[in-house]
Structures are given as structure tokens and as C-alpha cells.
Amino acid sequence: MTRLTVRTRDAEGTRHVARTLAAALKAGDLLVLDGPLGAGKTTFTQGLGAGLQVRGPVASPTFVIERVHPSLVGGPALVHVDAYRLGGEGEIDDLDLDADLDRAVTVVEWGRDRVEHLADSVLLIELERPAAVEDPSDPDEPRTLVMTGYGPRWDTAAREGLAALLAQITGADGLVRAPQDEETH
């Protein structure tokens with residue numbers, strides 16, 4: 001499977017990638033976000049919510065497990081799930097996510113190896129942060145995002161479309177340009 005990799009300078013860059021990705025998504029898409037604590041999973045989802053133009057604010061659903069953000073423009077809703085506190089497949093199934101799956105873009109933080117059974121296609125987004133940073137509490141540090149599509153939804157045409165969208169916001173070095181930088185390119 002083809003892996004698409006982009007790097008960001010800061011939290012806004014991570015949101016920018018997600019806003020751009022939103023243009024390639026449709027109702028029924030399942031995104032699984034994977035990465036350590038503080039990698040930017042919720043930050044990514046905030047950008048996705050902005051790109052999908054859903055009612056916000058998008059915040060971590062850690063304690064409520066699931067939040068549904070309806071579309072403000074007639075598009076798909078955003079279902080945002082945090083599976084960190086869930087034990088296994090049975091608890092995931094208890095959420096009844098598949099009831100909303102066809103009508104929404106569903107994003108599951110901490111969902112790797114927990115929710116893939118819910119759909120025949122999944123976009124895995126791995127968020128990586130550097131091993132050593134100047135200030136570990138500063139969210140404005142670089143990230144690497146690796147996107148891998150699995151299943152028929154992410155066929156060659158869909159992956160090429162996603163790659164073309166990401167190419168519009170990245171430089172030759174794979175680093176995401178700030179939105180204001182794009183206007184000059």
C-alpha cells in the first residue's frame with residue numbers, strides 16, 4: 001500500500017493538512033489516528049472539522065468517548081471518537097459507530113487495531129513527533145504525518161487524488177507550507 005508522508009512545522013501546519021484532506025473525504029470514510037500522547041491527533045481533527053465545515057468546537061472526546069459534529073453546509077457530519085479508555089472490540093461495538101458510519105466522516109483517535117472491523121476501507125494516519133524537543137509541552141513542534149489507505153475506497157485513483165491535494169500544500173522537501181505561503185507559490 002502506498003504511504004503518503006508530509007511534515008509540518010507546527011500545530012497550524014497539522015490543522016492545514018487536515019483541512020486539505022477534508023476535500024478528499026466523503027460520508028462513510030473511517031480515519032484511524034495513531035500516535036503517542038501529544039502527537040497532534042485532536043489538533044488534526046480540529047483541522048478536519050474546519051475543512052468539513054462542521055459545528056464546533058472540536059475538542060478531545062476523551063471523557064465522553066464520542067462527539068458528533070453536524071455539518072453546517074449540508075455535507076457529512078464528523079464523528080470524533082477517542083478509543084483510549086476503551087478496552088476492546090466489544091466496547092467499540094457498544095458505541096454503535098456503524099450506525100453513523102455511512103452518513104459521516106468518522107475519526108477514531110487511538111483506534112489502531114480496534115476499529116478496522118467497522119468498515120471495508122480505512123485511512124490510517126500515523127502522527128509522529130520528534131524524539132527530542134526543546135519544550136515537550138509546546139504543541140508548536142514539527143510533526144510527521146504518514147497516511148496509508150486500506151480497502152477499495154482507497155484505490156489507486158483515490159490515493160493519487162489525495163497525493164495531488166497534499167502536493168498543493170507541500171514543498172519539494174515534503175514540508176507543509178503555511179497557508180499564507182501558498183498564496184505566493
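**Entry 1: the sheet**

In what order do the 7 strands of the open sheet lie? I opened the model, a predicted one, and followed the strands across. I read the order as β1-β7-β6-β2-β5-β4-β3, with mixed pairing. From one strand to the next I get an average twist of 20°.

**Entry 2: the whole chain**

I stepped back to list the elements. The chain has 6 helices and 7 strands. Starting at the N terminus, I wrote them down as β-α-β-α-β-β-α-α-β-β-β-α-α. There are 185 residues, and 46% of them count as buried. I also looked at contacts between residues at least 6 apart in sequence: 66% of these join residues at least 24 apart. For the accessible surface I noted about 8,800 Å², with 49% of that belonging to carbon and sulfur atoms.

**Entry 3: strand pairs**

I went through a few of the pairings one by one. β2 (residues 30-34) and β5 (residues 104-109) run parallel and share 4 bridges. In that pair I found Val 32 opposite Val 108 of β5.

Then I moved to β7. Which way do β1 and β7 run, parallel or antiparallel? They are antiparallel, joined by 6 bridges. Arg 3 sits opposite Thr 148 of β7. β6 and β7 are antiparallel as well, with 7 bridges between them, and here Val 122 faces Tyr 150 of β7. I checked how covered β7 is: 6 of its 8 residues are buried.

A reminder to myself for reading side chains off these strands: in a regular strand they alternate between the two faces of the sheet.

**Entry 4: helix α2**

Next I picked out α2, residues 41-52. This helix lies across β2, β4 (77-82), β5, β6 (122-128) and β7 (143-150), and its direction makes about 170° with β5. From first C-alpha to last, the 12 residues of α2 reach 16 Å, close to the 16 Å expected at 1.5 Å a residue.

**Entry 5: helix α5**

α5 lies across β1, β6 and β7 and runs at about 15° to β1.

**Entry 6: the cores**

How many residues are in the largest nonpolar core? I get 29, and the ones with the most contacts inside it are Val 17, Leu 21, Leu 31, Phe 44, Leu 48, Ile 125 and Met 147. At least two core residues come from each of β1, α1 (11-22), β2, α2, β5, β6, β7 and α5. Another core lies apart from this one; it has 14 residues, including Val 32, Ile 65, Val 115 and Val 122.

I zoomed in on Val 17 to see its neighbours. Leaving out residues up to four places away in sequence, Val 17 touches Val 6, Thr 8, Phe 44, Leu 145, Met 147, Leu 166, Ile 169 and Val 176.

What is the peptide bond from Gly 56 to Pro 57, cis or trans? I found it cis, with omega near 5°. Pro 57 is in the loop between α2 and β3.

Gln 53 is in the loop between α2 and β3 too. Just after α2 ends, Gln 53 takes a positive phi of about 55°, and Gln 53 is not a glycine. I read 43% relative accessibility for Gln 53; that lies between the 20% and 50% cut-offs, so Gln 53 counts as partly exposed.

Trp 110 also has a positive phi, near 60°, in a residue other than glycine. I placed Trp 110 in the loop between β5 and β6.

Technical notes: Residues numbered from 1 in each chain as written. Predicted model: local features only at pLDDT ≥ 70, side-chain atom pairs only at ≥ 80, totals over all residues. Heavy atoms only, no water. Pairing = 2+ DSSP bridges. Axes fitted to C-alpha atoms, helices over the stretch in contact; angles between N-to-C directions. Contact = heavy atoms within 4.5 Å. Buried < 20%, exposed > 50% of the residue type's maximum accessible area, 1.4 Å probe, protein only. Areas by Shrake-Rupley, 256 points an atom, 1.4 Å probe, with all protein chains shown as cover. Core = buried A, V, L, I, M, F, W, Y, C linked by side-chain atoms within 4.5 Å. Expected span 1.5 Å × (residues − 1).
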